[in-house]
Amino acid sequence: QVQLVESGGGLVQPGGSLKLSCEVSGIVFSEYTMEWIRQAPGKQREFVARITRTYYRTYANSVLGRFSISRDNTKNTVYLQMNSLTSEDTGVYYCQAQPFDSWGQGTQVKVSS
C-alpha cells in the first residue's frame, strides 16, 4: 500500500516562494513516476508537475518557469520548489505515485498579502 505524506505548505505573500516535500513509502520509490496535483478552492484537482524515474520533467503551462519538481531516491521524497507565487497558486497540493490511486492528506498553500 502506497503511503504519501506531504509537507511544506503555508501562507506566503505574492511573489514569494515555498518548497513542498512528499515522503513516499510502500513502493520502490525510484521505479515510479511522481506527480504533484493541486486543488484550488471550489475547483477540480489539476495536474501541476511530473517527474519520471529517469528524471524527465513535465509541467502545467500555468507553472512553467516558476515551479521545479525534483526527487531524491535516497530519501524516497519528491519536492516541488515554487517561486513567484500568485493567488492563483492557492490550494491544497498533493503528490501521487503513478499509476497508484493513493492520496495523502495534502498540504495547504495560501498566497495572500
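## A walk through an all-strand chain

At 15% relative accessibility, Thr 90 counts as buried (buried means under 20% relative accessible area, exposed over 50%, partly exposed in between, with a 1.4 Å probe and protein chains only). The model is predicted: local features need pLDDT of at least 70, side-chain atom pairs count only at pLDDT 80 or more, and totals for chains, interfaces and linings use all residues. Residues are numbered from 1 along each chain as its sequence is written, and side-chain values use heavy atoms, with hydrogens and water left out.

Start with the setting of Thr 90. This residue is found in the loop between strand 8 and strand 9. Its side chain reaches the backbone nitrogen of Val 111 at 2.9 Å. That is a polar contact (a pair of N or O atoms within 3.5 Å; within protein, one must be able to donate a hydrogen and the other to accept it, and residues adjacent in sequence count only if both atoms are side-chain atoms). Leaving aside neighbours within four places in sequence, Thr 90 is in contact with Ala 40, Pro 41, Gln 108, Val 109, Lys 110 and Val 111. Contact here means heavy atoms within 4.5 Å.

Now step back to the whole chain. The secondary structure comes to zero helices and 10 strands. Helices (H or I, at least four residues) and strands (E, at least two) are DSSP runs, numbered from the N terminus. The radius of gyration of the chain is 13 Å, close to the 13 Å that the globule rule gives for 113 residues, so the chain is as compact as a globular protein of that length. The radius is taken over C-alpha atoms, and the globule rule is 2.2 Å times the number of residues to the power 0.38. Along its principal axes, the C-alpha trace spans about 40 × 25 × 20 Å. Of the 113 residues, 44% count as buried. Among contacts with a separation of 6 or more, 53% come from residues 24 or more positions apart.

Six strands form an open sheet in the order 2-10-9-4-5-6, with mixed pairing. Its edge strands are strand 2 (10–12) and strand 6 (57–59), and each pairs on one side only. Neighbouring strands of this sheet are turned by 25° against each other on average, direction ignored. Axes are lines fitted to C-alpha atoms, for helices over the stretch in contact, and angles run from 0 to 180 degrees between N-to-C directions. Strands of a sheet pair through backbone hydrogen bonds, either parallel or antiparallel. Strand 2 and strand 10 (residues 107–111) pair in the parallel sense over three bridges; two strands pair if DSSP finds at least two bridges between them. Val 111 in strand 10 is the bridge partner of Val 12. Val 111 is also the residue whose backbone nitrogen the side chain of Thr 90 reaches.

Strand 9 holds Val 92. Neighbours within four places aside, Val 92 is in contact with Ile 37, Arg 38, Gln 39, Gln 105, Gly 106, Thr 107 and Gln 108. Ala 60 is 32 residues from Val 92 along the chain, and their C-alpha atoms are separated by 16 Å.

Charged pairs come next. The count is four salt bridges, a salt bridge being a side-chain nitrogen of Lys or Arg within 4 Å of a carboxyl oxygen of Asp or Glu. One of them joins Arg 50 and Glu 35, with the closest N and O atoms 2.6 Å apart. This pair links distant parts of the chain: Arg 50 sits in strand 5 (residues 45–51) and Glu 35 in strand 4 (residues 33–39), 15 residues apart. Arg 50 is partly exposed, with a relative accessible area of 27%. Glu 35 is buried, at 8%.

Another salt bridge brings together the side chains of Arg 38 and Asp 89 (2.9 Å, N to O). Arg 38 lies in strand 4 and Asp 89 in the loop between strand 8 (77–82) and strand 9 (91–98), so the pair ties together parts that are 51 residues apart in sequence. Arg 38 counts as buried at 5% relative accessibility, and Asp 89 counts as buried at 0%.

Asp 89 has a further partner. Its salt bridge with Arg 66 puts the closest N and O atoms 2.8 Å apart. Arg 66 lies in the loop between strand 6 and strand 7 (67–72) and Asp 89 in the loop between strand 8 and strand 9, so this pair ties together parts that are 23 residues apart in sequence. Arg 66 counts as buried at 18% relative accessibility. Salt bridges that share partners join Arg 38, Glu 46, Arg 66 and Asp 89 into one network.
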